[in-house]
Every structure is written in structure tokens, then in C-alpha cells.
Amino acid sequence: MAEADAPGKLPFSLPDVDYERYTNRQLITIPLVVLVLALAVLAGFFVLTGSPVQPGLAFTGGTELQVTTTDTAAQIESTFESNGFDVESVQPIRSQENAFIVTFQSTDTDAIQTQAEGAGYDVNSIQGRSASFGAQSQSQALIGLVIAFGGMAALVFALFRTFIPSIAVVASAFSDIVIPLALMNIFGMELTLGTVAALLMLIGYSVDSDLLLNNHVLRRSGGFYESTYRAMRTGVTMTLTSIAAMTVMAITAFLFGIPLLPAVGTVLVFGLTADLMNTYMLNVTLLRYYKYEGVAR
Amino acid sequence: MNLSPRENWRIYLLIVLMLVSTVAVFVPLGGADTDGPTNLQYGLELSGGTRVRAPLVGMTAEVDTGNQNTRELAATVSNRLNVSRTDVNIRQVQNGQDTVEVFADADNGNVTQEEFAAALNAAGVEASTDDIRDGVTQQTRQTAVSVLSNKINSVGLSGGTVSTTTTPTGETFVLVEVPNANRSQVLDLITSRGRVELVAHFPQQRQNESDNGTRTVYRDVSLLTQEDFSTSNFQAQPADGGQPARVPVALKDEPARNFSNAMQTFGFTDEGISNCGYQPASGEDPDTFPGYCLYTVRDGEVVYGASMSPGLAETIRSGDFVKDPTFVITANNYSEAQQLAIDLQAGALPTTLDIQGEGTTYFLEASLANEFKLFSLITAIIAVFAVAGMVFLRYREPGVAAPMILTAGAEVFLLLGFASAVGLALDLSHIAGFIAVIGTGVDDLIIIADEILQSGEVNTSRVFESRFRKAFWVIGAAAATTIIAMSPLAVLSLGDLQGFAIVTIVGVLLGVLVTRPAYGDILRNLVLEDV
């Protein structure tokens with residue numbers, strides 16, 4: 001068992017990071033620039049669309065149905081358009097032949113169902129959400145995120161009782177949520193109930209490696225770099241394992257055409273990747289500042 | 001190997017809980033309504049069916065109605081608002097605590113809060129829009145829920161549930177879930193209120209004020225509604241022997257007396273016998289149709305017009321009817337009669353569900369749902385292999401990695417046991433929760449493994465315990481953050497996400513309290529054995 005512990009080696013043959021070679025300013029610049037860029041994307045989206053993210057059916061209201069038909073996507077669209085229903089999108093499902101997901105902004109679910117059945121489509125699944133219900137879900141999801149984040153922050157401050165190490169954890173958790181949100185915009189992913197769940201999951205996941213790092217640096221004997229290295233060895237394994245699991249899950253679920261899971265997986269991969277950067281560049285730097293300069297003062 | 005229960009109690013606890021889970025998941029226990037080889041129950045997203053979530057239409061005024069007669073008050077308010085008398089409901093509790101409900105709002109029935117307040121003022125009740133809120137009272141909701149469940153049960157849709165959920169903003173939704181039923185089937189059943197009335201329609205002579213001559217006017221008097229019947233089991237009967245399709249009913253005592261009196265006063269038992277030729281299909285206006293008719297009215301629409309039969313007229317005149325008040329509610333055909341029987345059995349909904357305006361509907365075909373079930377199982381297995389691969393790659397030591405995968409698997413198995421034991425219906429969101437639990441679980445196991453296997457010999461139990469405790473600080477703190485992050489979702493009614501949050505919280509608790517400590521014990525046995 002000793003070989004896993006051979007000093008000076010990160011897991012998965014990753015190259016070692018020599019933190020001593022970089023100044024605090026150098027280290028912290030990259031995560032801060034990425035965070036600012038992510039916030040800029042959200043702000044830009046807000047200016048263009050009036051909402052920082054693109055809300056999906058669950059939050060805007062509308063109708064989504066899954067049909068089986070030998071028609072092509074274009075034919076499906078024209079079938080509905082010719083009857084006055086504005087089709088938002090028609091997506092083929094990879095795992096099933098002749099199956100499509102068709103979405104509408106219209107909340108007249110009954111009429112759309114009648115139309116689909118009238119056109120000879122086999123309706124496998126249908127869901128309709130009224131606009132006001134969607135708006136309410138949206139505000140609730142936001143409240144949920146804010147409470148969850150606030151609760152996490154309060155707990156972290158209670159655990160460490162010092163400002164800089166606590167704010168380091170909170171800041172990187174914040175960035176871990178903002179970066180995936182910006183990436184969702186860039187990749188055209190909508191905010192669904194699944195992605196909200198993933199964002200909340202990220203609060204829990206991302207804090208893991210930050211807590212581990214803080215714990216090793218602040219509560220253990222040993223030099224800063226040695227402690228950081230130990231925490232990193234464990235933390236990087238954790239995060240990479242999760243990324244592997246989530247990538248595999250997202251791809252498999254996508255190929256199978258299972259709803260919800262691909263979006264959850266993708267957002268988690270975004271967030272966990274951001275977490276690697278934030279923990280080992282942002283959090284580490286703030287801790288080093290605290291250890292060498294903050295405490296001395 | 002050390003098998004002493006005192007030192008390895010965590011492993012023994014895990015084994016015991018695994019056995020309990022096995023019983024919960026696999027052993028058929030009476031009463032559980034499940035399909036497949038396990039006791040697991042599946043929600044709509046994994047079994048197929050229809051879900052409807054919508055608020056009840058209405059406004060409630062909390063006012064002081066004083067000593068006003070509720071009937072008169074309701075009549076005044078309904079007239080002012082131009083809504084049906086049955087759309088106004090008054091509950092007098094005590095001064096200042098009375099409620100007046102109107103089952104209409106700005107979007108359904110075109111009644112605004114201002115108009116409602118004005119109508120109350122006109123009826124002599126002090127009210128402003130501040131006293132009026134959207135939504136109905138708790139009692140009305142309870143009635144609606146029980147009527148809806150009766151309706152679903154009475155058509156034999158098994159496993160359907162009706163409940164209410166309240167959002168943090170105070171809005172209450174009715175949630176109807178029916179497995180294996182399609183959307184239109186469920187909507188047909190729950191969108192109509194199903195209020196059945198028997199209305200007497202008859203001519204009356206009125207004096208003309210202008211020339212002192214007389215003219216004939218037709219009156220409609222509502223005589224019986226759902227509450228007036230004492231029948232416990234309404235059964236529709238098909239048309240036979242000259243009789244139309246019908247539902248036999250028995251009347252309660254007082255309605256029977258009233259009915260008997262009304263029939264005689266209105267003339268049904270004399271000139272009115274066999275004097276109704278109304279055909280709903282003809283399109284004639286039932287309000288001015290000449291004759292003596294007993295209209296079967298459903299939700300304000302006349303579905304059938306029946307004549308007074310000579311036999312029934314005879315028993316009413318003789319007074320036998322009051323002693324044995326049996327009667328039939330008639331319909332055009334058997335399927336209408338069945339609908340009436342369902343309505344009579346289930347009762348009338350106090351108000352309608354606003355599905356179009358503020359509701360959501362969801363339908364998934366059972367075959368597709370079964371595919372999701374199989375595919376998500378495969379997805380989960382593949383994800384576990386990915387984790388296993390990473391862990392082997394990192395430790396290159398089956399003794400460390402294999403128990404890690406087994407422990408993570410045990411965690412999910414315990415969760416499945418929990419789901420079966422509490423009858424949680426599994427949905428896709430729960431699957432996402434399982435994956436979250438495996439993820440945090442493996443993270444924690446890696447922390448434990450790294451802490452215990454760090455350089456420096458572990459040769460005594462004491463060294464082990466101290467390292468284990470250190471590892472546990474991080475695990476405990478991480479678990480606490482996850483639980484805090486998930487708890488708002490567990491209480492918010494975001495529907496799908498509630499299940500996800502509950503599974504994650506329970507999973508993290510099981511992990512921190514049972515499986516992850518047990519993994520520590522397993523590792524200790526492996527490490528101390530080396531010495």
C-alpha cells in the first residue's frame with residue numbers, strides 16, 4: 001500500500017504543481033478572470049433576454065410532447081405550424097427510431113394533443129405547464145438556491161471561525177455555480193428542474209475539496225506546501241472520480257434518451273471542472289496569503 | 001482477522017441494516033401494491049401515467065357577516081356577481097371569523113376582488129379588497145380532495161392519489177396522480193364539477209298587469225341535489241322495457257317530504273302525468289319547453305327530461321312515497337347514466353380546477369416509462385464502473401478499492417431499502433439523488449482511505465482511531481453542508497426536486513452514520529492484518 005503514498009506524486013500521474021514558483025497575484029488572476037468572464041456572460045444574457053439564464057419549459061410554461069411518427073422533423077413542424085401552433089423546437093431522440101420531442105410555447109395542451117393525434121402521431125408523453133405556474137417555480141428555485149448557498153456559507157463560517165479561510169471556501173463555491181451557469185448559456189442549455197438540482201448538488205460537491213484543503217492546512221501539523229500537497233492528492237482523486245462518473249452518466253443517459261439525467265451530468269462536469277481550478281488556484285492562494293501574511297499581521 | 005463485535009460493531013451494524021434492506025426490498029409483505037420482483041414502487045416517470053397539478057378556482061373573504069341569514073346573503077352576493085347560487089359558499093363561525101367564498105376569479109368567471117367586495121357591501125357586509133384573498137378555504141380543499149379521490153376510485157383507476165401541496169408563497173395546489181391512465185381520461189374525470197340536480201319544470205298561470213288577462217310562464221325549481229340521497233352505492237342501469245337508462249336512488253326523509261309536496265303543489269301528480277316530451281338532442285330550449293318535466297341537470301346543463309309516471313304519481317298522492325322514497329334519475333343512454341352514477345357517488349366538486357390557467361399536466365406512456373427504468377439502471381451500473389475504474393487506477397490495490405465500490409453499492413442498497421420501507425415512489429429525480437449519493441459517498445471513502453493509508457505505519461488501534469477521527473471531521477462537515485444545501489428543496493414544493501433532495505439527505509445521513517464508518521473498520525482490518 002505504500003506506493004500510493006510515495007511522496008511527490010499526484011494521482012493519475014498528474015504533473016506536480018510547484019506553488020512556490022508562483023506569486024499570489026499570478027495564481028489568483030486566472031480564476032478571477034474566469035469568474036469575471038462568467039459573470040459578464042450572465043450579465044450580457046440578462047441585457048439581451050431579460051434573464052441571466054435561459055429558462056426552460058418548467059419555468060416559462062408551455063407544452064412538450066414526445067411523439068412517434070414516420071414523418072420527418074420538418075414535416076412535424078409544418079403539421080403544427082399549419083394549424084396555428086408555433087413550434088419552438090423538434091428534436092429527434094437518438095435511442096428510438098422515429099421518436100421526436102416537440103416543444104411549444106403555447107399552453108393550450110389539449111388542442112396540441114388533439115392536433116398530434118389527428119395527424120396520426122403516437123403520443124408517448126405530454127406535459128403542459130401554465131405560464132404563471134412556471135413563473136412561480138422560477139422564483140422558488142431562486143429562493144431555494146439562495147437559501148442553500150446562504151446556509152452553506154453560514155456553516156462554513158461557523159466551522160472555521162476565521163474570515164479569510166471561510167470566505168475562500170464560499171468564494172470558490174460561488175464561482176463553481178456561476179461558471180456552469182455561464183457555460184449553460186454558451187452551450188444553449190436551458191435552466192430546467194434537473195439543472196437546478198445539479199447546481200444545488202454542486203454546492204455540496206464543491207465544498208468537499210475546499211473543506212479538505214482548509215482542514216489540512218489549518219488544523220494539521222506540517223508545512224503549508226506539504227499540507228496542500230496531501231489535501232490535493234486526496235481532493236484531486238475525489239473530483240476526478242466524480243467527473244468521470246458524471247461524464248459517463250451524461251453520455252449514457254443522453255444516448256438512451258433518458259430525460260433529466262444528461263443535463264444533471266453535464267452541469268456537474270462543468271462545475272466540478274471549475275472546482276478543480278477554484279480550489280487549487282483561488283482557495284489555495286487565499287489560504288497561503290492568510291497563513292503567511294494574514295496571520296502575521 | 002479480528003472479528004470481535006466490540007471493535008467491528010460498525011461493520012456488524014452495516015450487515016444488519018443490509019439484511020433489513022433485503023427484507024424491505026425483496027420479501028413480499030402483504031398489502032404492498034407493487035409490480036415486478038421487488039417491493040419498490042415507481043412514480044409516474046418510471047411507470048407511466050398522468051399527473052395534474054392545479055389550484056382550485058375561487059376567492060375567500062374573511063369578514064363578519066353578523067347575524068345575517070346565510071341563504072339570503074348567498075343569494076344577494078351571487079346575484080350581484082352574476083354567478084350561480086352554488087358558486088357562493090358561506091361559513092359562519094363566529095364574529096369576524098366568518099368566510100364567504102366565491103368560486104370564480106378574474107380569469108375564471110370574470111369576478112374581480114373589487115366586484116366581490118362591492119357585492120358583499122351591497123349585501124350589508126363590511127368588506128374591502130384587503131379582506132379578500134385568492135384561493136379557497138381549507139374545508140373546501142378537503143372536500144375537493146375527497147371528491148376527486150372518489151371520482152378516480154369509482155372508475156376503477158387503481159393506485160390514483162389526490163393530495164394538496166402548498167408553496168412557500170402560500171398558494172395551494174391540488175395534485176392528482178393516476179398511474180396507467182392517459183391524460184384525456186384523467187382530465188375528463190376531474191375537469192367537470194359533476195353537480196347533479198333534479199329540477200322540476202312546469203307551467204304556471206300569471207296575471208298580466210296590463211290587461212288583467214293571464215299568460216303561461218314556465219318555472220324551474222331545483223328540488224334535489226347530491227346531498228339529498230341516502231343511497232350508499234349508486235349503480236347505473238341500462239334502458240329496458242320502455243324505461244330509459246337510469247340510476248335508482250333513495251331519498252333522505254326531509255328531501256322526500258319536500259319533493260312529495262312540491263310534486264303535488266306544482267301539479268305533477270295530476271295534469272302533469274306523462275306530460276314531458278323534451279329531447280335534449282332536438283336543441284329546444286329546456287326553459288320554455290311546454291310540459292311538466294323532471295330535468296336531470298348536470299353542471300347546469302339539462303341532460304334528460306323525464307315525465308312523471310302514473311305509478312309514481314299514485315304513490316306520491318297516497319303518501320306511500322314518503323314512507324319508501326325511492327326514485328330514479330334518468331339519462332339518455334347507459335354511458336350518461338354511468339357518468340351520473342359516478343357523480344352521485346363521488347359528490348360534486350365545490351369548485352373547478354384551474355388547469356389551463358395555472359396548472360401543469362404530465363403524461364408518460366407506460367412502455368416508455370419501462371424503458372426509462374431499464375436504461376437508468378444500466379446508466380447507474382455504467383457510472384459505478386467508471387468510479388471503480390478511477391479508484392483502481394488511483395490505488396492499484398484491490399484490497400482498498402474493492403471494499404470502496406462495495407461500500408458505495410451498499411449505500412445505494414440501503415437507500416432502496418429505505419424507499420421500499422416508507423413506500424417512496426421512485427422517479428427520475430430519485431435516480432439523480434442516488435447518483436449524487438454515490439458521488440459524495442465515494443468522495444468520502446477516498447478521504448478515509450487516504451487518511452488511514454498516509455505514510456507512517458498504522459500499527460495500533462489507537463493510531464487508527466485518531467486518523468479515522470481526523471478524516472471524519474471533513475466528512476462530517478461536508479455532509480452537513482450537503483444536507484443544508486438540500487434542505488430548502490426538501491420543503492419547497494418544486495415537485496420533482498423534492499424527491500431528489502429527500503433521497504440525497506437520507507443517503508448522506510446513512511452514509512455518514514453507517515456505511516462510511518464501516519468502511520473505516522474494513523480498512524483497519526486490512527491494515528492491521530499486515531502488521
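This briefing describes the contact between chains A and B and the domain arrangement of chain A. The structure is a predicted model. Chain A contributes 62 residues to its contact with chain B, and chain B contributes 64 residues. Chain A itself is divided into two parts, domain 1 (2-56 + 133-294) and domain 2 (62-129).

- On the chain A side, the elements that give two or more residues are helix H4 (109-118), strand E4 (122-129), helix H5 (131-160), helix H7 (193-219), helix H8 (224-256) and helix H9 (261-294).
- The side of chain A that touches chain B comprises 36 nonpolar, 21 polar and 5 charged residues.

**Strand pairing across the chains**

- Strand E4 of chain A pairs with strand E15 (residues 360-364) of chain B in the antiparallel sense, over 5 bridges.
- Within this pairing, A:Gly128 has B:Thr361 of E15(B) as its bridge partner.

**Domains of chain A**

- A distance of 38 Å separates the C-alpha centres of domain 1 of chain A and domain 2 of chain A.
- The contact between these domains takes 5 residues from domain 1 of chain A and 5 residues from domain 2 of chain A.
- On the domain 1 side of this contact, H5 and H8 of chain A are the elements that give two or more residues.
- By class, the side of domain 1 of chain A that touches domain 2 of chain A has 3 nonpolar and 2 polar residues, with no charged residues.

Key
Residues are numbered from 1 along each chain as its sequence is written. Chains are lettered from A and ligands numbered from 1 in the order in which they are written. This is a predicted model: local features need pLDDT of at least 70, side-chain atom pairs count only at pLDDT 80 or more; totals for chains, interfaces and linings use all residues. Two residues are in contact if their C-beta atoms, placed from the backbone, lie within 7 Å. Helices (H or I, at least four residues) and strands (E, at least two) are DSSP runs, numbered from the N terminus. Ala, Val, Leu, Ile, Met, Phe, Trp, Tyr, Cys and Pro count as nonpolar, Asp, Glu, Lys and Arg as charged, and the others, Gly among them, as polar. Two strands pair if DSSP finds at least two bridges between them. Domain bounds come from an automatic or database domain assignment.
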